[in-house]
Amino acid sequence: MKILVCISKTPDTTAKIAFKNGNTQFEETGVQWIINPYDEWYALVRAIELKEKDVSTILHLLMVGGADADPIIRKGLALGGDEAIRVNTTKLQDSFYVASQIAEVAKANSYDIIFTGKETIDYNGSSIGAMVAELLDMPYISLATKFEIQGNIATVTREIEGGEEVNEVSVPVVVSCQKGMAEARIPNMRGIMSARTKPLKVVEPVEVPELTGIRNFELPPPKAGVKMISPDNLGELVRLLHEEAKVI
């Protein structure tokens, strides 16, 4: 069995967010980058668990990004990937462009399972997995919380409104993963050392039109200070909730 896990780099959740060039670009100066948590904690770790059950499984990592992403990829290899592929481009704002690069790599390698995170924590697009599945003409299951496979039949549990849905699908399949799929891991020393020599192949992107672009970013308004209301002044509390907070 061959598994491809699509990973991406995102700013650490503690990073200070700012924009430049007329609020059209993210300011990267001083930002600590990490593997997108949905890709790492759920998609990658679940793939590693499947490999541990079947040692013949081949596990590849794929990132679309520039050379500055290589340390992030090495961390994924330290967790348990066999080898990695990086599509050498910094054009990352259009989901169709990114999905097309992933699909092109996947076509050349005939994967049984393609895992993505449900979304990235910076753009929150939730669109890459579905686009990859469409480009590859493969079935797609989103928001998976559990994944098991027996032979060539996968059983996938996903969240729906008010409950869960259990699906069965023949591989190959594309699955986006979220909380519940696996438990986060950290690389051990042996993994970190072995990651240094694992293959990291760099390929050039295919020519694909970018269908969307970002006009500008906006930061949310700063939070107002906390107002303390005396417990015997309920009338003022109601007025503030109604006129300022507008929640009643």
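Q: Which residues in α2 are buried?
A: I72, I73, G76, L77, A78 and L79 of α2 are buried. Buried means under 20% relative accessible area, with exposed over 50% and partly exposed in between (1.4 Å probe, protein chains only). Helices are DSSP runs (H or I, at least four residues), numbered from the N terminus.

Q: What sort of model is this?
A: The model is predicted: local features need pLDDT of at least 70, side-chain atom pairs count only at pLDDT 80 or more, and totals for chains, interfaces and linings use all residues. Residues are numbered from 1 along each chain as its sequence is written, and side-chain values use heavy atoms, leaving out hydrogens and water.

Q: What comes just after α2?
A: G80, which takes a positive phi of about 155 degrees.

Q: How do α1 and α2 cross?
A: Helix α1 (residues 37-53) and helix α2 (residues 70-79) cross at roughly 40 degrees, and their axes come within 10 Å. Axes are lines fitted to C-alpha atoms, for helices over the stretch in contact, and angles run from 0 to 180 degrees between N-to-C directions. That makes α1 oblique to α2. Under 35 degrees counts as roughly parallel, over 145 as roughly antiparallel, 65 to 115 as roughly perpendicular, and the rest as oblique.

Q: Which residues meet there?
A: From α1, E40, L44 and I48; from α2, K75, G76 and L79. By class, this contact has three nonpolar, one polar and two charged residues. Ala, Val, Leu, Ile, Met, Phe, Trp, Tyr, Cys and Pro count as nonpolar, Asp, Glu, Lys and Arg as charged, and the others, Gly among them, as polar.

Q: Now α3 and α4. At what angle do they pack?
A: About 50 degrees, with axes 9 Å apart. Helix α3 covers residues 95-109 and helix α4 residues 128-136. α3 and α4 are therefore oblique to each other.

Q: Which residues make the contact?
A: Those of α3 include F96, V98 and I102, and those of α4 include M131 and L135. The contact divides into eleven nonpolar, two polar and one charged.

Q: Which members of the largest nonpolar core touch the most others?
A: I3, V5, F115, F147, V156 and V175, out of 40 residues. Such a core is a set of buried Ala, Val, Leu, Ile, Met, Phe, Trp, Tyr and Cys residues joined through side-chain atoms within 4.5 Å. The largest share, seven residues, comes from α1.

Q: What other core lies apart from it?
A: Another core, of 20 residues, among them L62, A106, I114 and V132.

Key. Helix = DSSP H or I, 4+ residues; strand = E, 2+ residues; numbered from the N terminus. Contact = heavy atoms within 4.5 Å.
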